[in-house]
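Here is a short tour of a protein chain, written for someone new to reading structures. Have a look at the picture, then follow along below.

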Amino acid sequence: MRGATMHLQGLSHWQVYHSTLEALTKSGLILVLGVAIVASNILIIATFLNFRGPSEVINYYLLSLAVADLLCGLLIVPLSVYPALTGEWIYGDILCRFIGYLEVTLWSVTVYTFMWISIDIWQFENLFDMRRFKRKPAMLCCPPLLGFNKAQFDEEAYVCMLKWGNMAAYSATLAILVLGPSVISIVHNYGYIFIMMRRLKSGAPIHDKEYATALAENLANPSHTMSFALIFSFWISWSPLIVVKVYESITGEEFQNPLVHFGIVWFGVLNSLWKFIILTGMSPHFRLALRIFCLTICCKTKGRLQAELIGLDPDD
């Protein structure tokens, strides 16, 4: 607050008003975003946990994504509300490093989850040993937590972020072990999906009739389109920031537009809110589960109501 006060002393009344209004607007936007992220992901988690009918494997991945987004909304976003007003990080260096660690961990978990969604569509689990990947996100993200001067407060986005330029070896390792395999798997698997969808629509001959029938049924599952929309929205949300960081690393120049920098960072965080909108709009299974959850919040006969809605015998 002292730094912000000293900064305002050299400004005109109009400049002070404009600066204060901008700070209040940014702080308010961050607060609203945080509340929306927490509320939407609690609703996703509660909806899936409340549902007692037949469920798909992808629902467990969606729960993982919702938990990661909920942690972001609870532990990362709220700590930026007050700094957006004052322009200063007041929570200490240790918490700043922890936030940098948590950001990379949650981002890595999300990318890994998307990779396993793309793999699970074609049931390729036997080609990989999942135990190799379970602990890597947390272990790979530990250096920012244990080291010094590895995270810094971004005075334009009001959040602690890793200083990737000072960790070239760590950054390369993270890209090779997390980003590389995940992106390759996602592109390969969904590329294959779209190629086969195109072949089926065009009527191209497929020699194995049983395989063609099973493939058509598999591709007709709306979860595939929904999962692609989730992955697409994730990369669209974070692409502006990734492009800027790549540009800065190549040219050695920092991006000099504070308002745009604030926008692209929080546009990436906004990804944590898209999932609820995509699930509601594209997943019939989630809409059914959400309807059951809404109807049974105050209903004492939840089990019977759920059974009736999903077409099961309530007396079984």
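## Two helices packed together

At what angle do helix 10 and helix 11 pack, and how far apart are their axes? In this predicted model, helix 10 (residues 222–251) and helix 11 (residues 258–269) pack at about 140°, and their axes lie 7 Å apart. The axes are lines fitted to C-alpha atoms, for helices over the stretch in contact, and angles run from 0 to 180 degrees between N-to-C directions. Helices (H or I, at least four residues) and strands (E, at least two) are DSSP runs, numbered from the N terminus.

Who meets whom here? From helix 10 come Ile236, Ser237, Trp238, Pro240, Leu241 and Val244, and they meet Ile264, Val265, Phe267, Gly268 and Val269 of helix 11. A contact means heavy atoms within 4.5 Å. Sorted by type, the residues of this contact are nine nonpolar, two polar and no charged. For that sorting, Ala, Val, Leu, Ile, Met, Phe, Trp, Tyr, Cys and Pro count as nonpolar, Asp, Glu, Lys and Arg as charged, and the others, Gly among them, as polar.

## A residue in helix 10

Ser233 also sits in helix 10. Is Ser233 buried or exposed? Ser233 has a relative accessible area of 11%, so it is buried (buried means under 20% relative accessible area, exposed over 50%, partly exposed in between, with a 1.4 Å probe and protein chains only). Leaving out residues up to four places away in sequence, Ser233 touches Asn271, Trp274 and Ile278. Ser233 and Ser272 are 39 residues apart in sequence, with 9.9 Å from C-alpha to C-alpha.

## The disulfide

The structure has one disulfide, meaning a pair of cysteine sulfur atoms within 2.5 Å. The partners are Cys96 and Cys160, with their sulfur atoms 2.0 Å apart. Why is this disulfide called left-handed? The torsion about the S-S bond of Cys96 and Cys160 is about -115°, so the disulfide is left-handed.

Cys96 belongs to helix 5 (residues 93–121) and Cys160 to strand 2 (residues 159–162), so the pair ties together parts that are 64 residues apart in sequence. Both Cys96 and Cys160 are buried.

Tyr158 is in the loop between strand 1 (151–154) and strand 2. Its phi is near 65°, a positive value in a residue other than glycine. Tyr158 counts as buried because its relative accessibility is 9%.

Val81 is in helix 4 (residues 81–86) and, at 17% relative accessibility, counts as buried. Val81 touches Ser27, Ile30 and Leu31, not counting residues up to four places away in sequence. The C-alpha atoms of Val81 and Gly34 are 9.1 Å apart, although 47 residues separate them along the chain.

The protein chain has 14 helices and two strands. Of its 316 residues, 42% are buried.

The average pLDDT (the predictor's confidence in each residue, from 0 to 100) is 77 for the protein chain, and 66% of the residues score at least 70. Over residues 144–149 pLDDT stays under 50, and the model has 11 contacts for them beyond four places in sequence.

Residues are numbered from 1 along each chain as its sequence is written. Local features need pLDDT of at least 70 and side-chain atom pairs count only at pLDDT 80 or more, while totals for chains, interfaces and linings use all residues, and side-chain values use heavy atoms, with hydrogens and water left out.
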